[in-house]
Amino acid sequence: MANHQDDKIDKKKRSFLIAATTVTGAIGAGAIAVPFLSSMTPSERAKAAGAPVEVDLSKIEAGSMITTEWRGQPVWIINRSKTMLDDLKKNDLNLSDPNLDVISQQPSYCKNATRSLKPNLLVLVGICTHLGCSPTAKLETQGDMGENWSGGFFCPCHGSRFDLAGRVFKGSPAPINLVVPPHKYIDEKTILIGEDNIG
């Protein structure tokens, strides 16, 4: 009779120990899985090294510019006004590569008069193609920039000048146009820099 009661107690203990071990194992597995899964998402360093960057365009007014970062480089997004776009045509005779013959400087889908997917929105890597300095945005017509200047980018290091499509002016030390990075629109207000507009 005593043996029968001991068997009942042992079964209860066994059930309790099995349940406790299962719960502890599940908690331990979860604790291990969280850092493991977290390690699979790109770190901030990896994002800076090349992961695409999403940018909200809703706050860029016409005639203004914002700067973001992709691959450790400044990327400019300029919302060109109608006047800025009209002035682009006036620059062709003064440019080194008005027809965008150096195809490596922009994706094929940006080999057009505005060097952009949407005419008003220009996306450029803000690094001079001469020695890697960062040019200054001078978006408006300024007399101190000389003749035929209707806005663009000026590199104070060595005097390279670029128009509002990032095309280099003749006589500048920079040999080629500014780089247009790969990009695509996710929706009307959001751009993804670092992924091509394919498909």
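Predicted model: local features only at pLDDT ≥ 70, side-chain atom pairs only at ≥ 80, totals over all residues.
Three strands build it, in the order β5-β6-β7. The sheet is open, and the pairing is antiparallel. Which strands sit at the edges? They are β5, residues 136-138, and β7, residues 160-163. Each of these edge strands pairs on one side only.

Now look at one pair of strands. β6 covers residues 152-155. It joins β5 in the antiparallel sense, over three bridges. To find the pairing in the structure, go to Lys138. Opposite Lys138 stands Gly152, which belongs to β6.

Next, turn to the backbone of a loop. Most residues other than glycine have a negative phi. Leu100 is not a glycine, yet its phi is positive, at about 60 degrees. Where does Leu100 lie? It is in the loop between α3, residues 82-88, and β4, residues 121-125. Is Leu100 buried or exposed? Its relative accessibility is 2%. Buried means under 20%, so Leu100 counts as buried.

Arg115 is not a glycine either, but has a positive phi of about 55 degrees. Why does Arg115 count as buried? Because its relative accessibility is 0%, and the cut-off for buried is under 20%.

How values were computed
Residues numbered from 1 in each chain as written. Heavy atoms only, no water. Pairing = 2+ DSSP bridges. Helix = DSSP H or I, 4+ residues; strand = E, 2+ residues; numbered from the N terminus. Buried < 20%, exposed > 50% of the residue type's maximum accessible area, 1.4 Å probe, protein only.
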